[in-house]
Amino acid sequence: MSYKIPLAKPYVGEEEIKALKEVVNSGFLSFGSKLPEFEKRFAEYLGAKYAVAVSSGTAGLHLCVKALGFKKGDEVITTPFSFVASANCLLYEGVTPVFVDIDEKTFNMDDSKIEEKITPKTKAILPVHVFGQPCNMDKIMEIAARHNLAVIEDACEALGSSYSGKKAGLFGNAAVFAFYPNKQMTTGEGGMIVTNDDKIYKMCKILRNQGRQEEDKWLIHHHLGYNYRLDEMSCAVGLEQLKKLDFMLKKRQEIAEKYSKAFSDTEGIKAPFVKAGAEHSWFLYVVLLKEGVDREKVIETLAKQGIQTRPYFPPIHSQPYFKKMFPGQESLPVCEKISRQTLALPFYIQLTDEDINKVASSIKALV
Ligand SMILES: *Cc1c(COP(=O)(O)O)cnc(C)c1O
């Protein structure tokens, strides 16, 4: 079904087409000059020492888990309210995700409940900055330091967010960003690992490229690696998107403010919480519907008006595959409650004021 006002739309155009043409004409479609250039520019933008481009955010998270050496039987503390990739990257290595319930305002991991989950098997904390809302990284880093744990930031939804004046992605041992077309910037598929740690950087580069060390002879592999490379076309698009990033983030901010203003007088809809002192980069615009509102009915009625909306996220511990792997998971009541009430609204730069008003008034009429 095609919607008049879809959930997301990438902001791409002539600049990306021109960059793609240049790459195609150059004949270097992988491992050309665009890859190191994209990595360099991204690291500069963020203020990180190293950046490693990969084929997806999921691939990036997987490489961080490998590079930090977590193994079967280890535990990593993370959030159940996220896209499945933040837990799957652990499951690929037999590492057990240990879920902490979430904060009902920020939808992020409730940091006051982290320490009670720490056991002798705990190796790391993996916070996710959900919908671009930065986690309380001062607190998380303090807990990690006290218990000698690593931190991997899943910053896939938070490019441009910052906490205490420091950008999301610069707090942990490593962090990952993602460039799927609904994210703040896109390369089609793609992701980026950032780190200030020489060892993590080196290992991620090796594992991304089939386990080859730079000094290895052709077709000699010292490690069991993967093909998680990002091709030149994607890197070229990424370079153009980076140039527009500040503009795109500002536009997203403006649209979020317009929505929130439209909902400020509506009892049945709660606009996203914006924390003082934190800079929020908007990935999705997700409202909370009042308890008792029939969300499926709202989605269906809006769809008939050409407006696409979606419930984000079902809890990871309630996913069918997860329940099969870990029967008898304890209930996480805040996450489960929030999951029943969230609704992501159309959110992209090309939305007009008219679109925003139409979406807002249509939803208001239904709750
Ligand atoms: C988008 C996203 C990822 C990575 O997704 P890919 O599709 O693999 O790029 C990981 N974690 C979260 C929370 C995400 O939103």
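Visitor: Let's start with S1. How many bridges join S1 to strand S9?
Guide: 5 bridges join them, and the two strands run antiparallel. S9 covers residues 191–195. Strands here are DSSP runs of E with at least two residues, helices are runs of H or I with at least four, and both are numbered from the N terminus. Two strands pair if DSSP finds at least two bridges between them.

Visitor: Before we go on, what kind of model is it?
Guide: It is a predicted model: local features need pLDDT of at least 70, side-chain atom pairs count only at pLDDT 80 or more, and totals for chains, interfaces and linings use all residues. Residues are numbered from 1 along each chain as its sequence is written, and side-chain values use heavy atoms, with hydrogens and water left out.

Visitor: Back to S9. Which residue stands opposite Gly191?
Guide: Val54 does.

Visitor: What packs on the sheet there?
Guide: H2 does, touching S1, strand S8 (174–178) and S9. Contact means heavy atoms within 4.5 Å. The direction of H2 makes about 130 degrees with that of S1. Axes are lines fitted to C-alpha atoms, for helices over the stretch in contact, and angles run from 0 to 180 degrees between N-to-C directions. Helix H6 (residues 198–208) also packs on the sheet and touches S1, S8 and S9. The direction of H6 makes about 20 degrees with that of S1.

Visitor: What's the strand order in that sheet?
Guide: S1-S9-S8-S5-S4-S2-S3. The sheet is open, has 7 strands and shows mixed pairing. Strand S1 (50–54) and S3 each have a single partner strand, so one side of each has no neighbour in the sheet. From one strand to the next, the twist averages 25 degrees.

Visitor: Now helices. How do H2 and H7 cross?
Guide: Their axes come within 8 Å and cross at roughly 25 degrees. That makes H2 roughly parallel to H7, a label for angles under 35 degrees; over 145 is roughly antiparallel, 65 to 115 roughly perpendicular and the rest oblique. H2 spans residues 34–46 and H7 spans 232–263.

Visitor: Who makes that contact?
Guide: On H2, the residues include Phe38, Phe42 and Tyr45. On H7, Leu239, Leu242 and Leu249 are among them. The contact divides into 10 nonpolar, 1 polar and 5 charged residues. Ala, Val, Leu, Ile, Met, Phe, Trp, Tyr, Cys and Pro count as nonpolar, Asp, Glu, Lys and Arg as charged, and the others, Gly among them, as polar.

Visitor: And H1 with H7, at what angle do they cross?
Guide: Roughly 150 degrees, with the axes coming within 9 Å. H1 covers residues 14–26. Among the residues that meet are Leu20 and Val23 in H1, and Met233 and Val237 in H7. By class, this contact has 6 nonpolar, 1 polar and 5 charged residues.

Visitor: New topic. How many aromatic pairs are there?
Guide: 22. Rings of Phe, Tyr and Trp (its six-membered ring) pair if their centres lie within 6.5 Å; planes under 30 degrees apart are stacked, over 60 edge-to-face and the rest tilted. Phe81 and Phe107 have ring centres 5.8 Å apart and planes at 70 degrees, so the pair is edge-to-face. The two residues are 26 residues apart in the chain.

Visitor: What about the sheet with S10?
Guide: That open sheet has 3 strands in the order S10-S12-S13, with antiparallel pairing. Strands S10 (269–270) and S13 (342–345) are at the edges. 4 bridges join S12 (residues 285–289) to S13. Leu288 has Thr342 as its bridge partner in S13. Helix H10 (residues 333–341) lies across S12 and S13, running at about 45 degrees to S13.
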